[in-house]
Amino acid sequence: LRKNIPLPVISRYRECRPAEDVDSLLFFLPPTSFAISGGRNSGVPLLTVRRIGKGRAYYFAFSLTQTLCNLHQGRPADRDWDGDGFYRTGDQITLTQCHDLSVPYGDLYLSMLEAVLDEMGIPTVWKLPPMENGEITELAVHFGGDDEYDHTNVQLPAAERMHDFGLPYHLNLLPGGKLGSGDEFAVSREDYQRLKALGCERSIHFDFFKPRTFFTEEDVNRQLDTYEQVFGETPVCSVNHVMMWTGWTDFPRWCEKRGTKGDASRVHVFLVPDANPVNKFGLAFGTAFPHFVMDDWRYHNRMLDYCYLPVMLYEPRVSERNREEDEKNLAAILDRSRAQGWLLNFFIHPVYVSRDEDCVRAIAYTVKYLGEKGYRARFFGTDEACLWWHARKKTTLSFDGEAYTVSADYRDGAVLRFPDAFADTCLLDGKEARLERRVVDGKPCKLLAVAQGEHTVIF
């Protein structure tokens with residue numbers, strides 16, 4: 001809306017108009033704020049706000065939940081929608097070439113709902129955890145990449161390089177050999193333990209790469225069996241080789257049965273014409289944040305204990321010949337992430353982390369820029385980002401008329417977001433605590449970090 005870009009509506013809508021009652025009509029978004037199928041303007045205001053008694057009524061003339069579900073989960077990969085010869089997550093994107101994929105359309109809708117809660121004086125659990133020292137996090141970044149069954153010794157050097165930068169890393173390991181061959185993965189059991197000692201996360205890189213072929217639950221189980229038998233662990237957050245996909249929610253349902261927690265195969269931009277670019281940023285599924293998956297009607301639309309993590313910044317580079325522009329673009333993404341409180345993803349393959357100087361310069365510049373700006377950035381591997389989202393889901397916040405009670409599940413606690421109208425100080429477990437005022441995504445709010453466990457907050 002701030003860019004005058006229409007928000008997509010992916011549901012039925014009612015052609016209704018607000019009555020000309022200037023006393024009760026507070027606000028409405030004009031028809032140009034929304035676009036329906038094919039990029040056409042809706043012709044009617046799809047959000048109207050009225051004063052009703054002492055309160056307000058917010059009317060969406062379309063299904064906001066259906067639109068969010070369609071944006072986040074996409075359509076089924078039941079055919080080769082983009083014509084590249086494969087069934088991939090790029091086929092699931094419901095946005096079109098008419099849309100600006102750098103805009104988090106779904107997050108903008110959620111920002112509207114957040115503004116409604118602010119008007120009602122309702123606090124929420126914020127989207128980012130505290131810093132490890134208990135301060136308020138301004139942005140978070142998680143780093144991960146796939147090893148592609150590469151036997152040229154890229155995994156350990158990549159993990160060591162990230163460790164030298166003081167950054168976590170996440171490696172998805174592809175099962176390319178037969179079980180029992182001793183060559184099931186490009187990483188040996190010994191190197192797997194060395195990765196673990198470096199603090200590098202390890203997970204599976206599923207391989208379903210075949211032209212226009214749907215993979216099955218048996219394919220998923222066979223590869224998970226191989227990983228678990230070789231390494232003795234169940235993976236947390238996986239990535240599918242070249243972002244292959246089948247159907248709609250079949251894959252997450254199969255993985256949930258096996259105890260995995262998430263998938264990071266949601267592409268950032270359209271995969272056609274360039275399937276493996278560098279310096280590509282996008283939010284093709286409408287969000288910068290993980291989200292839990294809703295199963296289909298056959299399984300009663302239940303919410304799976306499984307989340308998707310979107311790819312956002314794919315293979316960042318700072319080249320010598322284009323250094324000024326590359327650094328400027330990377331800085332703009334980092335600034336935007338801080339302004340909007342994002343959980344930013346860097347998708348970088350280990351072969352480039354270990355050998356590509358343009359890639360290394362991009363990582364070094366990221367660390368340098370965040371330090372120079374003084375941004376409080378929380379760094380994750382992709383597994384930890386996934387586990388944070390699961391812990392956030394378990395975090396509860398309630399109000400009994402006098403005190404707020406919060407139970408924070410994550411090991412470093414949680415951050416509570418209060419509307420800006422709240423006082424600057426409160427009693428946290430009986431002791432005075434000061435809230436931090438910030439403007440996030442254009443809205444002022446007050447943030448309070450709490451440690452893991454149960455706490456009371458009184459204003």
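## Charges

Let's start with the charged groups of this predicted model. The chain carries 54 positive and 66 negative charges. How far apart are the mean positions of the positive and negative charges? They lie 4 Å apart.

## Overall build

Turning to the fold, you will find 10 helices and 25 strands in the chain. Its radius of gyration is 23 Å, close to the 23 Å that the globule rule gives for 459 residues, so the chain is as compact as a globular protein of that length. If you follow the C-alpha trace along its principal axes, it spans about 75 × 55 × 50 Å.

Contacts tell you how the chain comes together. Taking the contacts with a separation of 6 or more, 76% are between residues 24 or more positions apart.

How much of the chain is buried? Buried residues make up 55% of the 459 residues.

## A closer look at Ser337

Now for a single residue that you can find in the structure above. Ser337 sits in helix 7, which covers residues 323-340. Is Ser337 buried or exposed? Its relative accessibility is 0%, so Ser337 counts as buried, the cut-off for buried being under 20%.

Which residues does Ser337 touch, leaving aside those up to four places away in sequence? Ser337 is in contact with Glu138, Leu139, Trp342 and Leu344.

Notes. Residues numbered from 1 in each chain as written. Predicted model: local features only at pLDDT ≥ 70, side-chain atom pairs only at ≥ 80, totals over all residues. Heavy atoms only, no water. Helix = DSSP H or I, 4+ residues; strand = E, 2+ residues; numbered from the N terminus. Buried < 20%, exposed > 50% of the residue type's maximum accessible area, 1.4 Å probe, protein only. Contact = heavy atoms within 4.5 Å. Rg over C-alpha atoms; globule rule 2.2 N^0.38 Å. Lys, Arg positive; Asp, Glu negative; His and termini not counted. Charge placed at Lys NZ, Arg CZ, Asp CG, Glu CD.
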